Amino acid sequence: MRVLPDLIENNRKWVASVNETDPDFFNKLSQGQSPEFLWIGCADSRVPANEILGLMPGEVFVHRNIANVVVHSDFNCQSVIEYAVSALKVKHIIVCGHYGCGGVKAASQNHHVGLIDNWLRHIRDVRRKHDEVLLKIEDENERFNRLCELNVIEQTLHVCHSTVVQEAWENGQPLSVNGWIYGIGDGLLKDLNVTIAEPTEIADAYRVAVNRTA
Ligand code: CO
């Protein structure tokens, strides 16, 4: 039985189209990578980093998980941040969430899902932390969207507090950490104005971003 019938064929067509534009593209890529950006986003199939940013292979280092969560004890995510910052010397980290995130939705409800509950616990903590503000938002969808935004803001803060980013700043390495959110319905990115380029900016940027609608 043939499985995955179209994907290899798709790949051949894609290679042909890239080679048509730049015959040396793959040869150059094989020499190494020096992306300027690290993208930390949701695993959702509708939120692919390269396509959204209009970037080619080699231009963005990517880590994705359910609901773009950054946990200090997650060696997968922290290792990606370390490699991106210490070895590749990316200049910008983008934590990007999206409206309508299934992970955030599940975390905003109280019923038991399964193993993933342990992961969603991190987002439930965000919800609990901002409960007072969230409960003031009457429209359910608006409240859900705000939780998606607050999750990005909190995870952006976690990136800033990571040992790797703190050390990079201590060493004077230029590095900005940004929180963005993506609209699946219109394809547009929105800056949540939580851009932090040095430790002294963390408190103010966080306060302003969190209190935006409060
Ligand atoms: Co999502």
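This is a predicted model: local features need pLDDT of at least 70, side-chain atom pairs count only at pLDDT 80 or more; totals for chains, interfaces and linings use all residues.
Residues are numbered from 1 along each chain as its sequence is written, and side-chain values use heavy atoms, with hydrogens and water left out. Local features need pLDDT of at least 70, side-chain atom pairs count only at pLDDT 80 or more, and totals for chains, interfaces and linings use all residues.

User: Which protein donors does the cobalt ion have?

Analyst: Donors are N, O and S atoms within 2.8 Å of the metal (3.2 Å for Na, K and Ca); water is not among the atoms, so sites may look incomplete. Here the protein donors lie 2.0 to 2.3 Å from the cobalt ion. Their spacing along the chain is C-x55-H-x2-C. They are Cys 42 (SG), His 98 (NE2) and Cys 101 (SG).

User: How many residues apart are Cys 42 and Cys 101?

Analyst: Cys 42 sits in strand E1 (residues 37-42). Cys 101 is in the loop between strand E3 (92-98) and helix H5 (102-108). Helices (H or I, at least four residues) and strands (E, at least two) are DSSP runs, numbered from the N terminus. The pair links distant parts of the chain, and the separation is 59 residues.

User: Is Cys 101 buried or exposed?

Analyst: Buried means under 20% relative accessible area, exposed over 50%, partly exposed in between (1.4 Å probe, protein chains only). Cys 101 has 1% relative accessibility, so Cys 101 counts as buried.

User: Why do the buried residues of H9 lie on the same side?

Analyst: In helix H9 (residues 163-170), the buried residues are Val 164, Val 165, Ala 168 and Trp 169. They share a side of H9 because they cover an arc of only 130° around the axis. The arc is that of the directions from the helix axis to the C-beta atoms. An α-helix has 3.6 residues a turn, so residues three or four places apart point the same way.

User: Which exposed residues does the face of H9 turned away from its buried side carry?

Analyst: The buried side has cover that includes helix H4 (75-87), E3, helix H8 (140-161), strand E4 (176-182) and helix H10 (202-210). The face turned away from that side carries the exposed residues Thr 163 and Glu 170.

User: Leaving aside its neighbours within four places in sequence, what is Glu 201 in contact with?

Analyst: Glu 201 is in the loop between strand E5 (189-191) and H10. At 31% relative accessibility, this residue counts as partly exposed. Contact means heavy atoms within 4.5 Å. With neighbours within four places in sequence left aside, Glu 201 is in contact with Thr 195 and Ile 196.
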